[in-house]
Amino acid sequence: MASPSGLQSGLSRQLFEIWCSDKKNACVIPGYVMEGTLAKTIINEPKEVTLMNGITASLNMQVHYISFSAYTFVKELMPPNIVLVHGEANEMGRLKQNHITQFADSNTKIISLKNSFTYQIMLPDDLHVFLQLSTANISQRITIAYSGAFGVLKHRLKLIFESVESLLDEESYGSAFRVHERLTVKYESEKHISLHWRSDIISDMVSDSVVALVLNISREIPKVVVESEEATKTEEENNKKAEKVIHALLVSLFGDVKFGENGKLVISVDGNVAHLDKQSGNVESENEGLKERVRVAFQRIQNAVKPIPLSVS
């Protein structure tokens with residue numbers, strides 16, 4: 001015994017092609033077979049068949065067809081509904097009519113499914129226009145134990161997200177800010193903060209990152225106290241720190257990186273020289289390969305050291 005019964009592929013097809021030319025062999029096909037399949041073809045016992053590799057082979061084996069029907073079992077069960085799921089349209093039509101006739105004296109309903117489905121792609125907000133469905137927004141809230149300085153948490157988040165804006169909320173004892181225009185962080189007490197957001201893919205991701213950061217800060221209280229002093233650093237000092245990181249990463253990639261005129265970086269690789277403008281990101285070099293490598297590397301480093309831009313949402 002081997003499947004599939006249609007002999008279109010698989011083990012049954014492989015065995016058939018090996019044995020079909022020997023008259024000592026036989027193929028027994030039980031039950032219904034689809035039109036267009038090899039099993040349907042050999043029921044009529046043709047002299048030749050076409051193999052999967054396109055070669056014609058003689059059909060000398062015996063072919064037997066056994067009609068198997070589940071009608072006897074269905075008649076004994078007398079179910080309230082009989083659902084005809086799939087099959088050839090004409091055969092399914094005949095089967096349905098036959099069942100309607102056979103079960104005329106009972107309360108059994110014969111149901112056939114149609115495969116003429118249509119699909120429409122739409123925004124969730126448009127569901128109520130095309131379908132009798134309504135959409136809802138899920139507002140989530142989580143309270144986290146946090147005993148550190150609220151300003152330190154805001155500073156840490158500013159290093160990650162481009163948009164961290166202060167809010168005035170009387171219910172949260174005067175302190176709250178909004179992260180990435182999606183999530184609100186509120187100061188609840190000296191030992192707790194709460195996060196509020198409307199659930200969607202991006203907002204859930206932002207909330208997960210904020211929760212991870214809060215838990216990490218809670219485990220590093222001594223380190224956070226020191227970093228709270230760094231919160232007073234000016235934007236200029238932070239930019240200088242970022243430039244040092246960028247320079248170190250470029251050195252790790254290209255080796256010889258020096259400061260040139262007008263604040264440009266001079267990068268030398270195998271006798272080829274490239275001039276990088278850190279402000280605009282423009283690269284000048286006679287070697288197009290080096291020029292493109294420096295441009296792409298600098299762009300990726302910039303994306304890594306800068307806060308997540310608000311435009312990603």
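User: Why is Leu 7 called buried?

Analyst: Buried means under 20% relative accessible area, exposed means over 50%, and partly exposed lies in between (1.4 Å probe, protein chains only). Leu 7 has a relative accessible area of 6%, so Leu 7 is buried. Leu 7 lies in the segment before α1 (10-19). Its phi is near 60°, a positive value in a residue other than glycine. This is a predicted model: local features need pLDDT of at least 70, side-chain atom pairs count only at pLDDT 80 or more, and totals for chains, interfaces and linings use all residues. Residues are numbered from 1 along each chain as its sequence is written, and side-chain values use heavy atoms, with hydrogens and water left out.

User: What makes β7 and β8 edge strands?

Analyst: Start with pairing: two strands pair if DSSP finds at least two bridges between them. An open sheet of five strands runs in the order β7-β11-β10-β9-β8, with antiparallel pairing. β7 (139-145) and β8 (164-167) each pair on one side only, and these are the edge strands. On average, neighbouring strands of this sheet are turned by 20° against each other, direction ignored.

User: How do you know that β7 and β11 pair?

Analyst: Seven bridges join β7 to strand β11 (residues 192-198), in the antiparallel sense. The definition asks for at least two, so the two strands pair. Ala 145 stands opposite His 192 in β11.

User: Which helices pack on the sheet?

Analyst: Helix α6 (residues 150-158) packs on the sheet, touching β8, β9 (176-179), β10 (183-187) and β11. Contact means heavy atoms within 4.5 Å. The direction of α6 makes about 15° with that of β9. Helix α7 (residues 201-219) packs on the sheet too, touching β7, β9, β10 and β11. The direction of α7 makes about 170° with that of β11. Axes are lines fitted to C-alpha atoms, for helices over the stretch in contact, and angles run from 0 to 180 degrees between N-to-C directions.

User: Why is the aromatic pair of Phe 150 and Phe 177 called tilted?

Analyst: Rings of Phe, Tyr and Trp (its six-membered ring) pair if their centres lie within 6.5 Å; planes under 30 degrees apart count as stacked, over 60 as edge-to-face and the rest as tilted. Phe 150 and Phe 177 are 5.1 Å centre to centre, with 45° between the planes. That angle falls in the remaining class, so the pair is tilted. Phe 150 lies in helix α6 and Phe 177 in strand β9, so the pair ties together parts that are 27 residues apart in sequence. Phe 177 is buried, with a relative accessible area of 1%. Phe 150 counts as buried at 14% relative accessibility.

User: What makes the pair of Phe 150 and Tyr 187 edge-to-face?

Analyst: The ring centres of Phe 150 and Tyr 187 are 5.6 Å apart and their planes stand at 70°, so the pair is edge-to-face. Tyr 187 lies in strand β10 and Phe 150 in helix α6, so the pair ties together parts 37 residues apart in sequence. Tyr 187 has a relative accessible area of 23%, so Tyr 187 is partly exposed. Ring pairs link Phe 150, Phe 177 and Tyr 187 into a cluster.

User: How do you know that β5 and β6 pair?

Analyst: Four bridges join β5 (residues 81-84) to strand β6 (residues 109-112), and the two run parallel. In β6, the bridge partner of Ile 82 is Ile 110. Strand β5 has a covered face, Ile 82 and Leu 84, and an uncovered one, Asn 81 and Val 83.

User: Why is His 247 called buried, and which residues does it touch?

Analyst: His 247 has a relative accessible area of 19%, so His 247 is buried. His 247 is found in helix α9 (residues 235-254). Not counting residues up to four places away in sequence, His 247 touches Val 257, Phe 259 and Leu 265.
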